[in-house]
Amino acid sequence: MKEHINIGLPREYADEMSAHLNKLLANFSTFYQSLRALHWNIKGKQFLALHVKFEELYNEAAEIVDEIAERILVLENQPLHTMQDFVKASTLPAAQNIDDPLEAVTFAIQNIRTLIDQERTLVSVAEAYNDHGTIALLSEYVISQEKQVWMLSASL
Ligand SMILES: [Fe+2]
């Protein structure tokens, strides 16, 4: 087997980064489903605003899930793709029976902060190998999610 993958990165690094990205993929998949649950279950005076906000967030999460999976394929590895594998690999809790606005927004903020931490860690791994493609992709998520934390926190 060649020591480098087709895009020129060392195979050993590509395999290591793919394993990290699969964990991030599993967490985003869990978060996606949690956002759907919050969108459905939310109650109270802020229902209309939060129902729409959680839909916006799960649509963004769905895009990210696809992009991370395809980055893993670019790195010549296989993305996780079954619910069972996502559950096994995920470190995020599932939003279950959350209908209170304060609890829902706090849950979302905590999840997003965990994802940002994970992305920052992966960026530092990617930097050591000049993997600018992965760095750019993850940095985009960090910027967008930092803004989400600000906006959601401002609503509390
Ligand atoms: Fe809906």
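User: How do the residues lining the largest pocket divide by class?
Analyst: In this predicted model, the lining of the largest pocket has nine nonpolar residues, four polar and no charged.

User: And how much space lies in that pocket?
Analyst: The largest pocket holds about 250 Å³ of space. It is lined by 13 residues, and those closest to its centre are Ser 29, Thr 30, Gln 33, Met 83 and Phe 86.

User: Which element gives the most to that lining?
Analyst: Helix α1 does, with six residues. At least two residues each come from α1 (11-41), α2 and α3 (83-89).

User: Turning to the second largest pocket, what is its volume?
Analyst: About 200 Å³ of space lies there. Of its 13 lining residues, Lys 53, Glu 56, Gln 148, Met 151 and Leu 152 are the closest to the centre. The elements that supply two or more residues are α2 and α5, and the largest share, six residues, belongs to α2.

User: What about the classes there?
Analyst: The lining of the second largest pocket has five nonpolar, four polar and four charged residues.

User: How do α2 and α5 run relative to each other?
Analyst: The axes of α2 (residues 47-74) and α5 (residues 132-154) cross at roughly 165° and come within 12 Å. The two helices are therefore roughly antiparallel, and the crossing is left-handed.

User: Which residues make the contact?
Analyst: From α2, they include Leu 57, Ile 64 and Ile 68; from α5, they include Leu 137, Tyr 141 and Leu 152. By class, this contact has six nonpolar, four polar and four charged residues.

Technical notes
Residues are numbered from 1 along each chain as its sequence is written. This is a predicted model: local features need pLDDT of at least 70, side-chain atom pairs count only at pLDDT 80 or more; totals for chains, interfaces and linings use all residues. Side-chain values use heavy atoms; hydrogens and water are left out. Axes are lines fitted to C-alpha atoms, for helices over the stretch in contact, and angles run from 0 to 180 degrees between N-to-C directions. Helices (H or I, at least four residues) and strands (E, at least two) are DSSP runs, numbered from the N terminus. Angles under 35 degrees count as roughly parallel, over 145 as roughly antiparallel, 65 to 115 as roughly perpendicular and the rest as oblique. A crossing is left-handed if the near helix is turned anticlockwise from the far one by less than a right angle, and right-handed if clockwise. Contact means heavy atoms within 4.5 Å. Ala, Val, Leu, Ile, Met, Phe, Trp, Tyr, Cys and Pro count as nonpolar, Asp, Glu, Lys and Arg as charged, and the others, Gly among them, as polar. On a 1 Å grid over the protein atoms alone, a cavity is a set of points where a 1.4 Å probe fits but cannot get out, and a pocket is an open set with protein on both sides within 12 Å along at least five of seven lines; lining residues have an atom within 4 Å of a point. Grid points are joined across faces, edges and corners, and a volume is the space filled by probe spheres set on the points.
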